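Here's a walk through one protein model, written for someone who wants to click along. Have the viewer open and follow the residues as they come up.

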Amino acid sequence: MPDKRRPSKPPQWRPHDFDHRHGDVSGGWLRAATFGAMDGLVSNTALIAGVGAAADAQAVILGGFAGLAAGAFSMALGEFASVQTANEQIDSEVRVERRAFRMHPQAEKAELADMMVKLGMRQETARQAAEEIHRDEDRAVNFHLVQEIGVNPTEKPSPYVAAISSFCMFAIGAVTPLIPYLFGFEHLWLGLLFGGLGLMVAGGVASRFTGKPVWFASLRQLAFGVVAVSATYLVGMLVGATVT
């Protein structure tokens with residue numbers, strides 16, 4: 001039963017959250033997973049193209065799996081270090097803001113009130129809002145950092161999630177052009193075909209989160225892959241001709 005002691009809000013003042021949801025744009029698992037899959041596909045398809053231009057199928061398989069292992073661990077460790085460093089930088093900014101709160105509390109309130117005035121509030125309303133926000137130091141620190149540097153310290157991405165998602169998706173992307181070889185089809189063109197199809201699928205899946213047309217995202221990713229694969233294949237041919 002509704003609480004009769006608290007009048008319900010009129011429709012225009014109720015939170016508008018019933019017909020839409022926002023995705024994760026904090027730079028966490030989605031960015032790491034997408035980048036990992038794309039990088040695994042492009043780098044390993046290009047790698048087997050370069051090796052396959054001057055070597056046999058056994059060398060392609062060996063090189064492909066070596067590239068998978070090296071790339072997956074490199075991506076995971078790189079993502080962990082990157083996200084962890086960014087989080088530590090945010091923690092440092094929190095400490096700076098807390099120190100300013102304790103040394104210059106009135107100046108910080110005035111700063112927040114000025115920010116709210118610039119957002120369209122009246123001066124008196126902004127002062128009152130700043131006073132209420134500053135009653136809770138944690139909330140005030142978060143609010144200041146959101147307004148000043150565009151980062152909410154309570155929404156930091158996990159470096160572990162970023163590393164794991166990057167590792168797994170890189171491995172999936174990297175193994176895709178090797179699938180024909182695993183089933184005994186030792187043809188370079190077939191591996192490149194699988195790699196190209198994988199790039200198109202990855203681009204199409206990414207468009208689900210970016211709002212871009214599926215065909216555009218798929219063809220764009222395929223085009224990037226073609227450039228990398230063509231360049232690496234050419235290098236493989238030149239090096240192979242020089243060695244032999």
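Trp29 is partly exposed, with a relative accessible area of 40%; the scale here calls a residue buried under 20% relative accessible area, exposed over 50% and partly exposed in between, using a 1.4 Å probe and protein chains only. This is a predicted model, so local features need pLDDT of at least 70 and side-chain atom pairs count only at pLDDT 80 or more, while totals for chains, interfaces and linings use all residues. Residues are numbered from 1 along each chain as its sequence is written, and side-chain values use heavy atoms, with hydrogens and water left out.

Trp29 sits in helix 1 (residues 29–52). Together with Val161, Val201, Val205 and Phe209, Trp29 makes a nonpolar surface patch of about 470 Å². Patch members have over 30% relative accessible area and no salt bridge, with nonpolar side chains (Val, Leu, Ile, Met, Phe, Trp, Tyr) joined within 5 Å and like charges within 9 Å. Areas come from the Shrake-Rupley method with a 1.4 Å probe, and for residues only the protein chains shown count as cover. Helix 8 (residues 188–210) gives the patch its largest share, three residues.

**The overall fold**

Zoom out and you'll find nine helices and zero strands. Helices (H or I, at least four residues) and strands (E, at least two) are DSSP runs, numbered from the N terminus. Of the 244 residues in the protein chain, 35% are buried. The chain exposes about 15500 Å², with carbon and sulfur atoms supplying 64% of it.

Helix 8 has 23 residues and reaches 33 Å from its first C-alpha to its last, close to the 33 Å expected at 1.5 Å a residue; the expected span is 1.5 Å times one less than the number of residues. The buried residues of helix 8 include Gly195, Gly198, Leu199 and Gly203. Leu199 and Gly203 also touch Gln221, as do Met38 and Val42, not counting residues up to four places away in sequence; contact means heavy atoms within 4.5 Å. Gln221 lies in helix 9 (residues 214–243) and is buried, at 11% relative accessible area.

In helix 6, the buried residues pack against helix 1 and helix 2. Among them are Pro159, Ser165 and Phe170.

**The core**

Which residues have the most contacts inside the largest nonpolar core? They're Leu112, Met116, Ile133 and Val141, in a core of 13 residues. Helices 2, 3, 4 and 5 each give two or more residues to this core. A nonpolar core is a set of buried Ala, Val, Leu, Ile, Met, Phe, Trp, Tyr and Cys residues joined through side-chain atoms within 4.5 Å. Met116 touches residues including Met121, Ile133 and Phe143, leaving out those up to four places away in sequence.

**Salt bridges**

The structure holds seven salt bridges, each a side-chain nitrogen of Lys or Arg within 4 Å of a carboxyl oxygen of Asp or Glu. Here are some of them.

| Pair | N to O distance |
|---|---|
| Arg98 and Glu137 | 2.7 Å |
| Arg98 and Asp138 | 2.6 Å |
| Asp114 and Lys118 | 3.5 Å |

Arg98 lies in helix 2 and Asp138 in helix 5, so this pair ties together parts that are 40 residues apart in sequence. Arg98, Arg102, Glu137 and Asp138 are linked in a network of salt bridges. Asp114 and Lys118 are four residues apart in helix 3, so about one helical turn separates them. Asp114 is partly exposed at 38% relative accessibility, whereas Lys118 is exposed at 68%.
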